[in-house]
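Reader: I want to learn how to read a model like this one. Please put it on screen and take me through its features.

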Amino acid sequence: AAMTSGAARERLDMNEYRERLEARLGKSREMMRVVLNKAKSDPKRVALAEGSNEKMIRAAYQMQEEGIAEPILVGKTTTILRKAEELGLDFDPTIANPRDGEWDHYAERLYELRQRKGVTQSEAEELVRRDSNYFASVMVEVGDADAMLTGLTHHYPSALRPPLQIIGTAEDANYAAGVYMMTFKNRVVFCADTTVNLDPDEEILAEITKHTAELARQFNVEPRAALLSYSNFGSVTNEGTRKPRDAAALLQDDPDVDFPVDGEMQADTALVEDILEGTYDFAELDEPANLLVFPNLEAGNIGYKLLQRLGGAEAIGPMLVGMDKPVHVLQRGDEVKDIVNLAATAVVDAQEE
Ligand code: ACO
């Protein structure tokens with residue numbers, strides 16, 4: 001009998017687990033549906049720098065089939081067509097092959113942009129022919145594509161550098177940052193910066209907060225931002241706690257900032273209404289924050305992964321904010337659905353250009 005009730009309990013746990021999983025996926029599906037529908041209303045051209053990669057080909061197929069984006073696979077034509085056939089995908093992909101000799105103007109453009117950064121004419125030709133991250137970056141920079149995705153087969157920094165060099169930041173930005181949207185059963189939290197800036201100062205933290213707030217609004221989420229630290233509103237004062245505190249002050253004084261923001265505060269203060277309403281009732285936040293700005297890259301990267309693995313959140317990202325054109329650098333090991341989701345956010349971003 002003990003065994004039966006144990007098994008029954010286990011089954012119950014499994015059911016409960018499944019229900020929770022469903023509810024959680026429900027939220028993230030709901031969030032993504034907003035973006036996918038926006039993307040479908042006006043699909044844009046997305047250059048996939050790793051066009052010969054099987055996951056990229058599958059993702060391109062799905063984007064095209066569902067009308068989410070107009071993918072451009074960057075790579076060798078014969079390889080891409082052979083793999084598409086092997087995968088049983090019946091479609092006629094748009095392919096840009098960097099080696100087929102029609103791209104002298106891309107090398108010219110790259111040379112123009114980088115000649116005073118140590119790049120020679122022949123190096124520019126090499127980069128366009130042999131490094132598809134440079135090729136795709138130039139493609140977006142000259143307007144032959146509206147957005148770019150890469151990163152599946154590269155180290156994150158080496159995939160990120162070409163777009164930073166060629167496309168660069170938006171007019172109102174000096175720094176790019178990587179944002180993850182974490183969806184839980186009943187809430188959504190945007191985490192920044194999780195992938196780019198090692199040790200941001202207060203100006204950079206403030207900038208990251210503003211760009212992340214814009215991103216949240218693309219998902220129809222009204223931002224409430226917390227600058228995180230291990231101290232609450234001056235309970236510990238040193239250089240580390242000063243930066244998020246000063247960033248919050250900069251944002252509060254900024255006439256362009258039209259969302260509640262405060263800090264520095266601990267993560268539980270940011271997320272627990274009773275703490276915000278009780279001990280810190282003077283805080284600008286009346287409700288828990290949904291935009292968490294971490295004090296440095298260690299905290300941000302570790303923090304979002306803990307939420308994902310222990311907190312059971314669904315993670316969508318990393319979405320690069322602050323760039324002049326939409327670019328997303330995926331992580332190695334990302335799946336087709338991650339690629340399609342990021343392509344959709346890039347399309348929505350491109351629609352606003
Ligand atoms: N925002 C915007 N542009 C930037 C930034 C930034 N944060 N940092 C550098 N740049 C620009 C520079 O201005 C420069 O442009 P220029 O050549 O036109 O003058 C260009 O990018 C290259 O800059 P470098 O200083 O040569 O590049 P660096 O070697 O510093 O690399 C990088 C920049 C890749 C962002 C680096 O800071 C980095 O490695 N960050 C951490 C990435 C990482 O490891 N993330 C964590 C893991 S990722 C994960 O979990 C997926």
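Author: Start with strand pairing. Two strands pair if DSSP finds at least two bridges between them. Helices (H or I, at least four residues) and strands (E, at least two) are DSSP runs, numbered from the N terminus. In this case, leucine 48 stands opposite leucine 149 in β4.

Reader: What should I know about the source of the coordinates?

Author: This is a predicted model, where local features need pLDDT of at least 70, side-chain atom pairs count only at pLDDT 80 or more, and totals for chains, interfaces and linings use all residues. Residues are numbered from 1 along each chain as its sequence is written, and side-chain values use heavy atoms, with hydrogens and water left out.

Reader: Which strands does β4 join, and how many bridges are there?

Author: Strand β1 (residues 45-48) runs parallel to β4, with three bridges between them. Strand β11 (residues 327-329) also runs parallel to β4, and three bridges join that pair. Threonine 150 has valine 329 of β11 as its bridge partner.

Reader: What happens at the start of α8?

Author: Look for a polar contact (a pair of N or O atoms within 3.5 Å; within protein, one must be able to donate a hydrogen and the other to accept it, and residues adjacent in sequence count only if both atoms are side-chain atoms). Here a side-chain oxygen of aspartate 201 comes within 3.1 Å of the backbone nitrogen of glutamate 203.

Reader: Which backbone angles deserve a check?

Author: Most residues other than glycine have a negative phi, and most peptide bonds are trans. Asparagine 220 has a positive phi, near 60°. This residue lies in the loop between α8 and β7 (225-228), and counts as exposed because its relative accessibility is 57%. Phenylalanine 233 also has a positive phi, about 45°. Its place is the loop between β7 and α9 (239-253).

Reader: Where are the cis peptide bonds?

Author: One runs from alanine 192 to aspartate 193, with omega near -20°. Aspartate 193 sits in the loop between β6 (188-192) and α8. Another runs from glycine 263 to glutamate 264, with omega near -5°. Glutamate 264 is in strand β8 (residues 261-265).

Reader: Which residues come nearest to the ligand?

Author: A residue is near a molecule if one of its heavy atoms lies within 4 Å of it. Of the 19 residues around the ligand, Arg114, Lys117, Thr195, Asn197 and Gln331 come nearest. A polar side-chain atom of asparagine 197 is 2.7 Å from a ligand nitrogen atom. For asparagine 301, a polar side-chain atom is 3.0 Å from a ligand oxygen atom.

Reader: Which element gives the most to the shell around the ligand?

Author: That is α7, with six residues.

Terms used. Buried means under 20% relative accessible area, exposed over 50%, partly exposed in between (1.4 Å probe, protein chains only).
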